[in-house]
Amino acid sequence: MNKAWHRRTAAALACILAAGGGAGWLAHARLQQLQASFETDARIVHRLLSQRAVQHDAILSTLALLQPAEPGQGGADAALPRLPSVYPQILDVLRRPADGAWPAAAPGLDTAEAASRAAGHATLARPDLAAGRYHLVLASTPASYALHIDLHATVPRDEWPMDRAASPVRVTLEHAGQAFTIQSGRTPERGWAYGFRKTLASPSQPLDVVARRVVGWDELPWFAMLGWCAATAAAAVAMRMLWRHRVARRRAEELLRLGQVARLNTLGELAAGMAHELNQPLTALLSGTQAAQRLLCDDPPDLETARTAMARAVEQARRASDVVGRLRRLVERPDLASQAQPLQLPAAVHDALHLLEPECRARAVVPEVHAEPNLPAVLAEPVALQQIVHNLVVNALQALEQVPAAERRLELHLTAPTPGQVQLTVRDHGPGIPPEARERLFEPFFTTRAGGLGLGLPLCESLAQAMGASLQLAPGHGRGAAFVLRLPAATSKP
């Protein structure tokens, strides 16, 4: 019974693990997919913004390259007013002429120009990321130039990879503790967070592209996960039903086989008993008819007829004796001792209890098996041993039917009381056996149960003796009855 409980527990745990593992794999796959999508979008955003930043550098470089040698000669300066119309992100183009100054409306460009001249490329100036504005200054000769850039227009909306209004990804441009929010996204309090940070590919505009994505519990594939769990549960139920059907079928086949063996053995016992009972009257009949034949030989009347009749009676009596002898030789049990083999007694007991599990459950009986550790193997014939255990447990269950369900106990003790011997004790807590019946339990055709044949225990005793074992009724003490089967240990075989 404990093994069956362990099997059911293991099956339930396996089902839970399979359901949880599958659901976890689906959730993990979804998180991996969302992370890959997030990283792809973040890289696209970085590339697009980097292209715009490089474009600003190119515009400044072009202005510095095409500026006229002397003021008033046209060239790039003539195109300055038209640049904001061509590039919406450029709010204004500022120029510091040779020996001149920057417009008073844009203070601080002198410092940026000096830094640009030292670095050899354009330099970021007057960043105000909260407002989405900054200046980009390029020192050149004779004039220097600066672009006033609007970050709102810098973002390429037509190529943007996400829906800025609905996307859960938060994207910002950050520099020196300031931040410009391109899209706000959403950030659940709990979930799986993914991050991306990379500086624009322009040394003149060291702005960090920062993206953050938090996957909430509501974004997990709950329908797929629940569907997997339901499918796993359905598969487990189906497997359980198939397994129970298979176990029930195998149990029925084994019980049928045991029943057939039991019927054959019972028939053998019955035939042997009949042969024994009929042999004596047939012998007497033979002797009487022979004596009558001799007496009739001295009788004058119709002697020839008497001789013929007696001769036929003798012939028929001998024929009957021959038939009984042949029947007895036919049903004599083979030598089970020569068929004995090493067996594990606990395994045989477990197999018998497994076959009788429905009967135990129907009678609300939970067998208690107490086995000593490291029991040696026994020498026994497998079918005979199984039938003995089966019959003893069935007798105990039938006895327990006579007591209330709350008082029903069935104990099986497996011990090695002496070296070279293993003992099985089957004890029930039923009404017990009357003292007057204890001496006749192993007599054929004696029974204390209504409708019984009285052949079960004699058959078990005969099977035990045939394979070198013994079966006895334990001395009465306490409640119920106990039968003791003693078997030779396999190590004691000569």
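I began with Ala364, which sits in the loop between helix 8 (357-362) and strand 10 (368-371). Helices here are DSSP runs of H or I with at least four residues, strands are runs of E with at least two, and both are numbered from the N terminus. Ala364 has a positive phi of about 60° although it is not a glycine. I noted that most residues other than glycine have a negative phi. Ala364 counts as partly exposed because its relative accessible area is 48%. The cut-offs: buried is under 20% relative accessible area, exposed is over 50%, and partly exposed is in between (1.4 Å probe, protein chains only).

Before going on, I reminded myself that this is a predicted model, where local features need pLDDT of at least 70, side-chain atom pairs count only at pLDDT 80 or more, and totals for chains, interfaces and linings use all residues. Residues are numbered from 1 along each chain as its sequence is written, and side-chain values use heavy atoms, with hydrogens and water left out.

Next I checked Asp99, in the loop between strand 1 (90-96) and helix 3. Asp99 is not a glycine, yet its phi is positive, about 60°. Is Asp99 buried or exposed? With 83% relative accessibility, Asp99 counts as exposed.

From there I moved to helix 3 itself, residues 109-119. Which residues of helix 3 are buried? They are Leu109, Ala112, Glu113 and Ser116. Looking down the helix axis, these buried residues fall within an arc of 105°, so they line one face of helix 3. The arc is that of the directions from the helix axis to the C-beta atoms. On the face turned away from the buried side I found the exposed residues Asp110, Thr111 and Ala118.

Then I looked up a peptide bond. The one from Thr141 to Pro142 is cis, with omega near 5°. Most peptide bonds are trans. I placed Pro142 in the loop between strand 3 (133-138) and strand 4 (144-150).

Last stop was Ala416, in the loop between strand 12 (410-415) and strand 13 (421-428). Ala416 counts as partly exposed, at 29% relative accessibility. How far apart are the C-alpha atoms of Ala416 and Pro373? They are separated by 9.7 Å, and the two residues are 43 residues apart along the chain.
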